[in-house]
Amino acid sequence: MDREFIAERQKGLQNYLNVITTNHILSNCELVKKFLDPNNYSANYTEIALQQVSMFFRSEPKWEVVEPLKDIGWRIRKKYFLMKIKNQPKERLVLSWADLGPDKYLSDKDFQCLIKLLPSCLHPYIYRVTFATANESSALLIRMFNEKGTLKDLIYKAKPKDPFLKKYCNPKKIQGLELQQIKTYGRQILEVLKFLHDKGFPYGHLHASNVMLDGDTCRLLDLENSLLGLPSFYRSYFSQFRKINTLESVDVHCFGHLLYEMTYGRPPDSVPVDSFPPAPSMAVVAVLESTLSCEACKNGMPTVSRLLQMPLFSDVLLTTSEKPQFKIPTKLKEALRIAKECTEKRLMEEQKQIHQHRRLTRAQSHHGSEEERKKRKILARKKSKRSAVENSDEHPAKYSNSNNSGSGASSPLTSPSSPTPPSTSEHAPF
């Protein structure tokens, strides 16, 4: 085939892939990952999940799989199944199965103990776990199925059972929530984040699909993700900023993304955000600026307590009477602390590598630019001219010295009465 034709097609394919990989949802799609990296994404994860779930049901016969909920989530290695209890056939539940991620630093024993502890967590803004278990390579959790879906389903007017790409990648209508909804939901989410931070329980997985709606109440999902060591939905964003280096600051930054989506009905085009579109209230913009602006990403995130004190949330009245409960034994708290530090260390190492790569890329781009090449050519010409001038000046000087030495050696002898000048004949070239 013609080389020019192939080169043109390669360039077009690269441009196409660049567009796809800059889209946050598409870049995490299994088909895209398999195309770009087939060696690491060759397994059939649905089949693996089914095998694990089937093994579990051998010892727990009261549960029954109704149907797989195909691709309702964005994670490649996390699968969902619609469930029922055999003696309660009308009740619907959701089983989620996921294998381990790169930030799993808990020992197998501590990991399994903490997973089994999750059903005991009671909080008005945490979605209750009905059942949880784990082995050395994965975890399985069961929760009640919610027909209304998540906060993201509300924003995008989507059906909970539809595939993730269909629901959120190309919404038909973009519309944010009402100001009172933004205030109430935001306050509830911040309250549960503060609760988890105070307990020393790392989260790091806040986004609109991890917030279940129960009437006018938001309830946080997927506390198990941090125990499994799974990567955050927004990792590709906060890994760019070296000041966002703790799980607490990660939660605050992710809250900024969530608030933006609640306000404008879509995620930001890029982060940091230089300017914000008109919002229902300047109080909303103030919170967004503190979490998503260039200055915030450069200097660091506010604390959750600081956000709760801001005008957008400080006057919201919460009417729940449910008392939060989540007792974590001291030994497991220490294990969580160490795992959290390891997760943060890996994040900082990744941020350092990205920073160094950016510096190198900028330097290469700078030196390879047309402007820099012109500058180097001009400097090279100037240097060449300067060298030529210096050489031309040096040549007559040597010629002049040579002539002077020769005349001195051949000059007539002075008379004896005259003073004898210093002899130059020993310096003459001949």
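## Cysteines

In this predicted model, the sulfur of C29 lies 8.5 Å from the closest cysteine sulfur, that of C169, which is too far for a bond. A disulfide would require the two sulfur atoms to be within 2.5 Å. C169 likewise takes part in no disulfide, its nearest cysteine sulfur being that of C29. The structure as a whole holds 0 disulfides.

## Helix α5

Helix α5 spans residues 108-117, and its buried residues are D110, F111, L114, I115 and L117. Viewed down the axis of α5, these buried residues fall within an arc of 160 degrees, so they line one face of the helix.

## Salt bridges

The structure holds 23 salt bridges. One of them joins K152 and E261, with the closest N and O atoms 2.5 Å apart. This pair connects distant parts of the chain, since K152 belongs to helix α6 (residues 151-156) and E261 to helix α11 (residues 247-264), 109 residues apart. Both K152 and E261 are buried.

Within helix α16 (residues 330-368), R337 and E341 are 4 residues apart and therefore separated by about one helical turn. They form a salt bridge whose closest N and O atoms are 2.6 Å apart. R337 is partly exposed, at 38% relative accessible area, and E341 is partly exposed at 42%.

R9 and E8 meet through their side chains in a salt bridge of 3.7 Å, N to O; R9 is partly exposed, with 46% relative accessibility.

Notes
Residues numbered from 1 in each chain as written. Predicted model: local features only at pLDDT ≥ 70, side-chain atom pairs only at ≥ 80, totals over all residues. Heavy atoms only, no water. Buried < 20%, exposed > 50% of the residue type's maximum accessible area, 1.4 Å probe, protein only. Helix = DSSP H or I, 4+ residues; strand = E, 2+ residues; numbered from the N terminus. Arc of directions from axis to C-beta. Salt bridge = Lys/Arg side-chain N within 4 Å of Asp/Glu carboxyl O.
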